[in-house]
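I opened my notebook to get to know a structure that is new to me. Here is the page I worked from.

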Amino acid sequence: MKAVVFDLVGKFAHFRKFYTNSSSLSYLIPPRTTLQGVCAAILGYERDTYYEKLSKERFSLTVTIKSTIRRIMQTVNYISIKNENDIYKYTEHTQIPFEILCGDDEIRYRVYASHKDEEINLKLYSMIKDNQTELPLYMGCAPFSCVTEFVGFFDLYKKEPNQSIELHTPLNIKEIEGKSLDFSQELSLIKERMPADFTKERSCCEVNSYIYEETGKPVYVKLKSPYYQVDSNESENIIFM
């Protein structure tokens, strides 16, 4: 099993929490569904055409934080649309709190992607390695463009969960064995509910609670299911979202 590993880099980001209403709050990391969309744009898949092809059963994805990330709140002035005519002749506005992610210089995430179809895997590898994309890339929404930086095309070694390990990626709480999560370190852990997959009608079919460290530090934990070791200089342990 091989994975395409690349960095997603931009100045700002916003990954809207699916359950927010009157204010637009953001996840600190891109959910799996956002990563799915990024890879679809690189491969040139049009909107609403790739949900089965890049489903969780076929396409494994996860991410780590590789930069300092801060949250700021801004108020965005939206057009108030109450009926179809307001689209063409609007008279009212509505102001919505909008949470934006930023960094000291940039926001950087490391993405791990592996498709069961070797042809798709190789195309993704080739596109990112050559710094190409079929469609524009965004950090969650259109104002926040981003680029990819190729890291490697690495072998993944499947490991059995027979002891506590240093895990570098977000962890589905369902995968934690008992009370094995180590809280003795100086960590700032975040727990968030995020969408994991779409149906072909673009409705969310799976939502999971994930734990991760907000500065990108690994956590020590024993897992219920196998994990993967990335055959790179950093030898990171990952589990897919």
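These are my entries, one topic at a time.

**Entry 1: the model.** I noted before anything else that this is a predicted model.

**Entry 2: helix H1.** I began with helix H1, which covers residues 32–43 and has twelve residues. I looked up its reach from the first C-alpha to the last and found 16 Å, close to the 16 Å expected at 1.5 Å a residue.

Next I asked myself: is H1 enclosed or open to the outside? Ten of its twelve residues are buried, so H1 is largely enclosed by the rest of the structure. I wrote down the buried ones: Arg-32, Thr-33, Leu-35, Gln-36, Val-38, Cys-39, Ala-40, Ala-41, Ile-42 and Leu-43.

What covers these buried residues? My list includes helix H2 (118–129). It also includes the strands E1 (2–13), E2 (59–65), E4 (93–115), E5 (146–159) and E8 (189–198). Moving just past the end of H1, I came to Gly-44, which takes a positive phi of about 90°.

**Entry 3: cysteines.** A disulfide is a covalent bond between the sulfur atoms of two cysteines. I searched the whole structure and the count came back as zero.

I then turned to Cys-204, whose closest cysteine sulfur is in Cys-205 at 6.3 Å. A disulfide needs the sulfur atoms within 2.5 Å, so this distance is too far for a bond as well. Cys-204 counts as partly exposed, with 39% relative accessibility.

Entry 4: I found an open sheet of three strands here, in the order E7-E9-E8 and with antiparallel pairing. Strand E7 (171–172) and E8 stand at the edges with a single partner strand each, so one side of each is left without a neighbour in the sheet.

In one of my look-ups, Asn-172 had Tyr-210 of E9 as its bridge partner.

**Entry 5: aromatic rings.** A search of the whole structure gave me eight aromatic pairs. I looked at Phe-18 and Tyr-19, whose ring centres are 5.3 Å apart; their planes stand at 80°, so this pair is edge-to-face. Both residues are partly exposed: Phe-18 has a relative accessible area of 40%, and Tyr-19 is at 46%.

I also checked Tyr-50 and Tyr-51. Their ring centres lie 4.7 Å apart with the planes at 55°, so I put this pair down as tilted. Are these two buried or exposed? Tyr-50 is buried at 10% relative accessible area, and Tyr-51 is buried at 2%. Together with Phe-198, Tyr-50 and Tyr-51 form one aromatic cluster.

**Entry 6: lysines over rings.** Lys-2 lies over the face of Phe-153, at 4.9 Å from the ring centre.

Note on methods. Residues are numbered from 1 along each chain as its sequence is written. This is a predicted model: local features need pLDDT of at least 70, side-chain atom pairs count only at pLDDT 80 or more; totals for chains, interfaces and linings use all residues. Side-chain values use heavy atoms; hydrogens and water are left out. Rings of Phe, Tyr and Trp (its six-membered ring) pair if their centres lie within 6.5 Å; planes under 30 degrees apart count as stacked, over 60 as edge-to-face and the rest as tilted. Buried means under 20% relative accessible area, exposed over 50%, partly exposed in between (1.4 Å probe, protein chains only). A charge sits over a ring if NZ of Lys or CZ of Arg is within 6 Å of the ring centre and within 35 degrees of the ring normal. Helices (H or I, at least four residues) and strands (E, at least two) are DSSP runs, numbered from the N terminus. The expected span of a helix is 1.5 Å times one less than its number of residues. Contact means heavy atoms within 4.5 Å. Two strands pair if DSSP finds at least two bridges between them.
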